[in-house]
Amino acid sequence: MARPDELLKDLGLDVELHHRIFDAVDRSFRKTVLAQKNRPARMAYFDGVIHEAHGGRVREIVERRAAGDKLIGTFCIYVPEELVLALGAIPVALCGGTSLSIPYAEKMLPRDICPLVKSTLGLALSNTCPFGPIEDLAVGETTCDAKKKTWDLLAKDGNFHILELPQKKGARDRELWHEEIVQFIARLEELTGRRLESDKLAAAVRLMNRKRRALARLNDFRKEGDPPLTGLDALVVMQSALTDDAVRFTDRLEALNEELEDRVRRGIGVASGRAKRIMISGCPSVMGNWKLHALVESAGALIVCDETCTGSRYYENPIDEAGAGLEAQIAAITARYLKIECSCFSPNDERIDSILRLAREHRVDGVVQYVLQYCHTYNIEAVAVAAALKEAGIPSLKIVTDYAEEDTGQLRLRVDAFLEGLGR
Ligand code: BJ8
C-alpha cells in the first residue's frame with residue numbers, strides 16, 4: 001500500500017499505526033497475489049487500485065469533495081450505487097479485510113462476532129481509515145445481527161443512514177424496501193443539495209449495467225477449460241470494483257477483458273498443473289483478505305467461480321432500463337436489489353438454485369463453502385447448500401475461519417484432503 005504520510009497526517013490519522021496495519025496488508029498482497037506467475041499484464045491497473053486505496057484514491061476524493069461532491073461510505077452490496085452516482089456523490093465500500101484492526105473493535109464489541117464487522121469497526125476506532133474523516137454519510141443496512149447492532153453504535157454521530165432490509169421477499173417486503181429506497185433518495189438529496197433527475201439516473205443505471213456486464217464477461221472467461229486468469233486475480237478485480245471510480249474501473253476492466261480474450265485465443269491459460277475447478281460460495285472476501293483464495297490455489301486447485309458478494313451476487317441481474325420517468329426507474333432499482341441472495345433472507349432457496357446453476361456453468365469439481373467465523377446465517381444455510389450439492393453429485397467442503405493466520409496449517413490439511421478426494 002502507498003504510504004502518503006502528509007495526506008494521512010492532514011486527515012488527522014494515526015499514521016504510525018496506519019502503516020503498521022497496512023504494511024502487513026501489503027505483505028500479504030505481495031505474498032499471495034503478486035507472487036503469482038503468468039498474470040495478464042493489464043492486472044497491473046487493479047494491483048494499483050489496491051496499492052492506491054489509501055493514497056491516490058483518497059486524494060482524488062478529497063479534491064472532488066472540495067468541488068462540492070459528497071463521499072458515501074457503504075458496507076454492503078444492497079446499497080444502490082446508481083442513486084449515489086446520479087446525485088454526483090462517490091460510493092466507496094468501507095468493509096475491513098485485515099485482522100490487525102480487530103483488537104481495537106474488541107475493546108468495544110464482544111469477541112464472538114464476525115471478523116468483517118470487527119475489522120471494519122476496528123479501522124474506524126483505531127483512527128486508521130482515511131475515509132472516516134472525509135465521509136459525508138455512512139450507509140448501514142439491517143442484514144445480519146452483527147451489522148445492524150454495530151450500526152446502532154456508529155449511528156450516534158448523526159452522519160449515518162440505516163437502510164431497513166426486509167427478511168423475506170413477499171409483496172409486503174417489496175413495499176417496505178421500496179419505501180426505504182425512497183427515504184434513502186430523500187436523505188441523499190438533502191445531503192447533496194441536489195434533486196434526483198431522471199436523465200442522470202438513467203445514465204447512472206447505464207453505467208452500472210455496463211460495469212456489471214464487464215464483470216460478467218470477465219467471469220465468463222473463467223468457464224473456459226483453461227481459464228486465462230486465476231481466482232485470486234478475479235478477486236482482486238472484484239475488490240477493486242467496490243472502491244474504484246466506476247467509469248475508470250469499467251474502462252480498465254473492458255481493456256482487461258480484451259487481453260483475456262486474446263489469451264484464450266492464443267491458448268494462454270493458468271490451469272496447467274492445477275487439476276481441480278473449485279467454486280467459493282458464501283461470505284465475501286473484501287480488500288485485505290486473500291486468505292482462502294490463496295490457500296486453495298496454492299494447494300493446486302483453480303478457483304473458477306465466486307458465489308459471494310465479491311463475486312456473482314455483485315454483478316448478476318442488470319437493472320431493467322426500459323422504464324421511463326423517475327417512478328419506473330426507482331421501481332426497477334428496487335426490484336433488482338431485492339434479487340440479491342444474501343443468507344440474511346428467509347427462505348433463501350433462490351441462492352441454492354444459483355449455486356447449482358453456477359456450478360454447472362463453470363463446470364466445477366467441488367465447492368468450498370466459505371463461512372466467516374460467527375456468521376450464523378451463512379453457517380446455518382451451509383447445511384441446505386451442502387445437501388443440495390450432494391444431491392447434484394457435487395462434493396463440498398465447509399471452511400469456517402477468521403482473518404488470522406494461525407489456522408492456516410490446519411486449513412491446508414483439510415483443503416488438501418478435499419482435493420485429494422476429488423481425485424487430484
Ligand atoms: S449482502 S453477505 S455484503 S450482509 S459475513 S457481516 S452477513 S456476519 S458481509 Fe454481507 Fe451484505 Fe449479506 Fe453480502 Fe454479517 Fe455474515 Fe459477517 Fe456478512
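Modeller: Helix H3 (residues 43–51) and helix H11 (residues 231–241) have axes that come within 9 Å and cross at roughly 55°. This is a predicted model, in which local features need pLDDT of at least 70, side-chain atom pairs count only at pLDDT 80 or more, and totals for chains, interfaces and linings use all residues. Residues are numbered from 1 along each chain as its sequence is written, and side-chain values use heavy atoms, with hydrogens and water left out.

Colleague: Why is H3 called oblique to H11?

Modeller: Angles under 35 degrees count as roughly parallel, over 145 as roughly antiparallel, 65 to 115 as roughly perpendicular and the rest as oblique. The axes of H3 and H11 cross at roughly 55°, so H3 is oblique to H11.

Colleague: Is the crossing of H3 and H11 left-handed or right-handed?

Modeller: The crossing of H3 and H11 is left-handed, a term used if the near helix is turned anticlockwise from the far one by less than a right angle; clockwise gives right-handed.

Colleague: What makes H11 roughly antiparallel to helix H12 (residues 246–265)?

Modeller: The axes of H11 and H12 come within 11 Å and cross at roughly 160°. That value falls in the antiparallel class, so H11 is roughly antiparallel to H12. The H11 and H12 crossing is left-handed.

Colleague: How do helix H16 (residues 349–361) and helix H17 (residues 376–391) cross?

Modeller: At roughly 50°, with axes that come within 10 Å; H16 is therefore oblique to H17. The crossing of H16 and H17 is right-handed.

Colleague: Which peptide bond is cis?

Modeller: The bond from Ser346 to Pro347, with omega near -5°. Pro347 is in the loop between helix H15 (326–338) and H16. In the loop between H16 and strand S7 (366–372) lies Arg363, a residue other than glycine with a positive phi, near 50°.

Colleague: Which residues are closest to the ligand?

Modeller: Cys76, Cys144, Cys309, Cys342 and Cys375 are the closest of the 15 residues that surround the ligand, where near means a heavy atom within 4 Å.

Colleague: What classes make up the shell around the ligand?

Modeller: The shell has 13 nonpolar, one polar and one charged residues. Cys counts as nonpolar.

Conventions. Axes fitted to C-alpha atoms, helices over the stretch in contact; angles between N-to-C directions. Helix = DSSP H or I, 4+ residues; strand = E, 2+ residues; numbered from the N terminus.
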